[in-house]
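Q: Could we go through this structure together, taking one feature at a time and starting with burial?

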Amino acid sequence: MPDPSGKVEINLIVNDEPRTVSVYPMARLLDMIREDLRLTGTKEGCGEGECGACSVLLDGLLVNSCLVPAIQAEGTSIKTIEEIATGEQLHAVQQAFITCGGAQCGICTPGMVIAAVNLLERIPEPSQAEIRTGLAGNLCRCTGYMKIFESVVRACQDNKQNIPAPVGG
Amino acid sequence: MEIVGHPVPRKEGRDKVTGQARYIDDLHFPEMLYGTTIRSTVARGRITNITFVGDIPWDEFVIVRAGDIPGENCVALILLDQPYLAGEFVNHPEEPILLLAHSDKYLLEEARRHVKVEIEPLPAIFSLEDSDNKKEVVWGEDNIFKAYTVEKGNVDDVWAKADLIVEGEYHTGAQEQLYIENNGVIAIASPEDGVTVWGSMQCPYYVHKALLKLFGLSEDKVRVVQVETGGGFGGKEEYPSMIAGHAALLSWKSGRPVKIVYDRAEDMVATTKRHPSRTRHRTAVSRDGKLLGMEIDFVVDGGAYATLSAVVLSRGTIHAAGPYVCPNVRIKSRAVATNVPPHGAFRGFGAPQSIFALERHLNKVARELGLSPEELRRRNFIHQGETTATSQVINEKVEMEALLDRAFELTDYEAKQQRFAESNKTSRTKKGMGFASFMHGAGFTGSGEKYLESVVGAEATSEGRVIILAASTEIGQGTNTVFAQIAAEALRLDYDSIEVAKPDTGNVPNSGPTVASRTTMIVGRLVESAVLGLKQTLIKSGLLKEDYSSDEFSLACHRYIEQHGPLKSFSKYKAPPGINWDDEKYEGDAYGAYAWAVYVAEVTVDTTTYEARVDDFVALQEVGKVIHPILAAGQIEGGVAQGIGYTLFEKVVWNEGRMMNNQMTNYIMPTAADIPPIRVFFEENPYAYGPAGAKGIGELPMDGPAPAILNAIEHATGVSINHIPLMPESIIEALGGDRA
Amino acid sequence: MRAYIPAYELKSLGRLTDVVSLLALEPGAWKPFAGGTDLMVLFESGKLDHKKFVSIWNLPELRGISVTPEFVTLGALTTYTEVQSHDVLRQEFPMLCQAASETGGLAIQNRGTLGGNIANASPAGDSPPALLVYDAKIELISSNGPRVVPYDGFHTGYKKMVMRPDELIKSIRLPRVTQAWKQYYRKVGTRKAQAISKICFAGLARMDGGVIQDIRIALGSVAPTVVRCSATETALKGLKPDASAISKARAELAREISPIDDIRSTANYRLRVALNVLEDFLTGL
């Protein structure tokens, strides 16, 4: 039954849990995450896909959640900043952002962390150029990006150390 | 145990990287309404009619107009000229006229577009030239918010004796702070309970002071709480007083919590930007390259209301003659009114504008003298015992020559200069090296700190934890971390045993605004003495000896609190000895301490596209003592990136006083792909009155990039360009011809 | 957010036949909505006047890249990310891959589609100049069936197209004939990433013995639509790309394009940079 208000039910997986929300079909995925699901780690910076503060992973792909209408999130799996750490255990990228000063005011940080995690999933050992390109859709006004680049490099070093060496032969 | 000088983890770092940090738009109150602002569509005029049209259930809306204001309709700052809501007249585009609130924010947006404000336009002016020439008087009797004159020696006598007189004119544009979190607040207000505001801000006590006047309430009836703040850079120094007042007015009228969070378009079009400026230099030099006289005329465009322009102008004025010795100096400056939204605080606060002019101008002087830019500066750098333009005797050791040498070494400056000169002859991309040498004073100018009388408190708990009580805000720069480091070091306790209380005017004393590179140097010093006060109390009461372990400290706290009740200590600012400033003559010790710097830029100008890009940037500075190497470098890198944006990317496009490119799509800040490697180096020369020897650094990095980059572009192209932002569209004009 | 969200409709139908039937029912009443990277921006800034949309994002018929000996066919919903990672496109159509890599940031490239870019009809699009010189064909679909039209001439004026309101872009076909041609693509934007172009140039040339046998030049952001510069092309055919040919070509191109001042750049800048970029292209032949 269509809702007389024009709202529709959207079924999706958010951070590994099935969720159903009732929203206007053009509602932004960003608002659905922040307001309907109360996951406020995802931020709004510009509302036009420029700054990347609202970055989330949609079926594993980096997207600006401010540019995704709710109805297109039907049946998808969303991962937000709240799901990047495993319980108390921070993701290597998160730990590196703390260690290397990748976060200052913190408002771009959730989106930046998501973009960096996604970058390392795609390219485990990115070059400087790949880091810059991979993060070019996420604007930061505090750091001048240097400490963010360092954080990514640090995270991939830490990742490498944690990967068990191949056994046998 | 050493804590100062070491990269301890940022206090709120974990919350920020996990998305747990709560910013204003993340907070929600039961029964909360959303507020919005109806703004002027014209630059200057008289409001003749307001109508509420369309198919909108207007009776559901809370509507606030100027007449609803319970106290005074002015934003209390330096002058009281700016209204919260325009009554009869508007003086700039986007000036607030009326407020609306509703529980449905979508409907609120629809309603916003259905309030029709009719305004009869009046003649308006949009440039500092038109204001300076009084094409139309739009503020006071002469368009002048404030004027200063600095006099040293006798500049009038110098022109006749000079071997060479060099003149130049330099322009800088507006710049948007572009913090990634827009302005936002939530207010709960009622005549019975007073006003409480939570918000994104730099200066809770500024907001507090403004709300007292707006509502006519006593101090205890107003409470302002800073929540996690997503960047400020000066942009959240004065403007939060406005938006906080608006939300509080809507709450006062409706009896419900009201949230106002701007979207990006509103934040950019309606809130403050860096003051555009014009500087004229007339400089007398001897043939051997000594500065004999400097006459500087410095004008900033303040926009429609006074806001902070007087103090922005002050800092710009004092920094206008730079780290050089010149026996005869006259600086005349004024902040003038135009019908654009008021310009305001932005990192550097007037200094980047006047330093840009000076550091470009000195290259011109050098060229006309036939000296290299570095040689001219070497012959005129200030030293310990010599006096600045305000006749301040520099009492600390200053070694600008050594900084210059090291900066050149770090960048291979001279060799590269030669190499580029050769390769530029045949290449379509022209490369160049340029530098700027400068200083930046920390803390409020002149008597400012004395008037502020900042106070910091410290409280010990019975578990031996120490809580710092200050209104200084964490806005990304690391206030919480640095304060905890200073306190831990002073008490020889664990970094983790120090907490920094949330800035809440109901709970913390007024440690002054979080501006002017003062938080570490001035407030940090108060943190140091406040926590030492705790120790002294414990020692005096016989519970602690001079040499103690952290367990002994905890035990002493526990016992003290058992015996005497709460253990608190407060420390109030006292000027270091020998600081004298004459507000009338604008003479004397303008700042307690300066940071000194030489920045070097390596650039490429592509003569196919006329794009200039920075390939390498070295920032070398002497900052007293580095409290936290990562945070300090982060401040410098971030400031340099903003400086690069200011120079080559960020152009505000104006039309009739309104910003036309108020989107991140068309106001262009640098991305990760645009910023060169920024290499940061520090020299240390501890300042006796800074905590652990530290001086301020927050604003410093904003000063150097623009002149260093334009000096490099001049070296690359042979063309002298004296305005920023410098877009490819200007470079093409300057280079002339179809192809180099 | 400047839009009144309840006023907007966005249907998701799931089958291409249902979508084209809906478009046919009352032509112009419903408009297609792909990855949203353009429409959502207009929507949020309160500038999206049209209110009824049908989502085509989930239509499998509009997805995928297929290769035959004559053509590479890209479904209209091929994203910029998919363009960049396709081997045949990288080998034979590098300018399209470069355009895709310079469109927005990664998050935009994951959602922005080639069909959407064409239908958005912006003269500042990054891919259209490349599509023009590759001589792309556009396959349109409606309830009356498919038809194929050349991309050259597809845009008839600012935001105007030969596509009817009841039609959808189904795919884009690229003829596989230019692999051996010299290829040159340059976007001059406001910054290195996430930029809208001030000018955008794509050039293709078939050389033989140092002589230009055939040449195709397209420019974006210099006219109300992306344009093929046929007068300049004609002037260059049969010439060696030497100084005199370059000078002739510059003069011809200056006559042929008429850029304007806008919020991003000036007419003078666009014209002169277009000429310089043309020269760069020719110099490299």
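A: Buried residues make up 62% of the 169 residues in chain A, where a residue counts as buried if 20 or more other C-beta atoms, placed from the backbone, lie within 10 Å of its own. This is a predicted model, in which local features need pLDDT of at least 70 and side-chain atom pairs count only at pLDDT 80 or more, while totals for chains, interfaces and linings use all residues. Residues are numbered from 1 along each chain as its sequence is written, and chains are lettered from A in the order in which they are written.

Q: Which pattern does chain A follow along the sequence?
A: Helices (H or I, at least four residues) and strands (E, at least two) are DSSP runs, numbered from the N terminus. Chain A has 5 helices and 5 strands, and read along the sequence they follow the pattern β-β-α-β-β-β-α-α-α-α. With a radius of gyration of 17 Å, close to the 15 Å that the globule rule gives for 169 residues, chain A is therefore as compact as a globular protein of that length; the radius is taken over C-alpha atoms, and the rule is 2.2 Å times the number of residues to the power 0.38.

Q: How many residues does each chain bring to the contact between chain A and chain C?
A: Two residues are in contact if their C-beta atoms, placed from the backbone, lie within 7 Å. Chain A brings 27 residues and chain C brings 25 residues. On the side of chain A that touches chain C, strand S4 (61-64) and helix H4 (128-135) each supply at least two residues, and S4(A) gives the most, with 4 residues.

Key:
Buried ≥ 20, exposed ≤ 12 C-beta atoms within 10 Å, placed from the backbone.
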